[in-house]
Amino acid sequence: MTERDLQDALSRVISLLTAAVTNTSLYSRSHPQVAQYVHKAYAVLEPLMECHQEITLLLIGNDLLADGKPFIAGGAASSVAGFIRILKKKGVERLTFVAGLPISELEALIGDLASSESISVRSTPFIKLGKVELRIKKADKQGEVVGETGTAASGNNSAHTVAEVPPEALHELLALTSAEIDELKMLYLRAKNHKKIDVRGVDEMVKGFIRGFRREINPLGLLASLKSVHEYTFTHVTNVCILTMSQAETLGFTGEQLHQIGVASLLHDVGKIFIPDEILNKPGKLTSEERSVIETHTVKGARYLMGIDGIPKLAVLSALEHHLKYDGSGYPSIKGGWQPNIASQLISIADVFDAMRSRRSYQAEMPIGQITEVLRKGSGSSFNPQLVDHFLRLIRYQAK
Ligand SMILES: [Fe+2]
Ligand SMILES: [Fe+2]
């Protein structure tokens, strides 16, 4: 089954479940039309569960993600919007169907979703519900564990902190990361000189980062060490990759999707190979003409990646969209109410965060409190508010 087939089937399930909830609210739980919709939804869902251990729907802002991918608007767009309204009303941000799901649990879910606002929706053995939250513990200034920020809905994820990582493991990871910056530098330089990108090299680097995340190290601790490397673009791209993948991983992305988000973040600024060095590395303020030249790195990067075999489409999109803001402003200007995909939204937060915390010849490093203030102020206009909140929690500055 292709990803598109899975999305189409899930759109059908959502549309039928929405109809079941609406009919329950209009008539009653026992109305024959309700049973009909639930049976139809189950008939589509059951074969899907034969090839998937779990299928998760995540609600991030106004986007519904099916198994990590945003729903593509189409014929089912209005029922997806209806389903989002139903989930929001009940405060459900994460819904996971587990293989073996009996129809009785689907019926119970519909009943709960259609019930009056005061009744909350309960998780059942094969349907897990909850909020999109972090699986890390909150630490105080000394790095001691003081409590959990929350657990994922399934409730069986282990929580680790920096304090729990043996110091040797940290050294090993830091060494690995500086070597990878050098590799990344070579990769960008080769792309610049020969206009060819080593897709396998990118894949290997992302795998290295994923191995690092398994140890669940605070991403900020990792970034501090990277600042000693002088080449801004390579350090920046590596930092953006680490910060983007930490966000994605704690939001629940896994496997191939997490990998593709990593590749997209490593390549987001690849279009800069087409920008003259004297503009790119100019110390001091840019003129408006120079700024417009720099802005072309988005379109140039996307066009470049489109012509390379083995590059995920997500990387092409993120190269194009990472300077687009949540409210549609930013660049490049794309007509028709274009919404950046979730990877681009994660990259844009990481990108702005790293740019502000980097000391360059013409710019002092901004204190972290000030950076978090900029992110908070841009929440809802420049950035997806839910992702900003998530990011601030990730770096241990709880959004107020
Ligand atoms: Fe950029
Ligand atoms: Fe960037």
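**Notes on cores and salt bridges**

1. Five residues, F253, L305, I311, L375 and F391, touch the most other members of the largest nonpolar core, which holds 53 residues. A nonpolar core here is a set of buried Ala, Val, Leu, Ile, Met, Phe, Trp, Tyr and Cys residues joined through side-chain atoms within 4.5 Å. Buried means under 20% relative accessible area, exposed over 50%, and partly exposed in between (1.4 Å probe, protein chains only). At least three residues of this core come from each of domain 1 (3-130) and domain 3 (165-394), with domain bounds taken from an automatic or database domain assignment.

2. A quick word on the basis: this is a predicted model, where local features need pLDDT of at least 70 and side-chain atom pairs count only at pLDDT 80 or more, while totals for chains, interfaces and linings use all residues. Residues are numbered from 1 along each chain as its sequence is written, chains are lettered from A and ligands numbered from 1 in the order in which they are written, and side-chain values use heavy atoms, with hydrogens and water left out.

3. Setting aside neighbours within four places in sequence, L375 is in contact (heavy atoms within 4.5 Å) with I349, F353, F383, V388, F391 and L392. There is also a second, separate core of 38 residues, and I14, V80, L106 and L113 are among its members.

4. On to the charged pairs. With a salt bridge defined as a side-chain nitrogen of Lys or Arg within 4 Å of a carboxyl oxygen of Asp or Glu, the count is six. One of them pairs D112 with R29, with 3.8 Å between the closest N and O atoms. D112 sits in helix α4 (residues 103-114) and R29 in the loop between α1 (3-26) and α2 (32-51), so this pair ties together parts that are 83 residues apart in sequence. Helices (H or I, at least four residues) and strands (E, at least two) are DSSP runs, numbered from the N terminus.

5. D112 also bridges to R122, with the closest N and O atoms 3.0 Å apart. R122 belongs to the loop between α4 and β5 (127-130), so its pairing with D112 in helix α4 links parts 10 residues apart in sequence. D112 is buried at 3% relative accessible area, whereas R29 is exposed at 53% and R122 is exposed at 53%.

6. Another salt bridge joins E290 and K282, whose closest N and O atoms are 2.8 Å apart. E290 is buried at 18% relative accessible area, while K282 is partly exposed at 23%. As for shared partners, R29, D112 and R122 are joined into one network.
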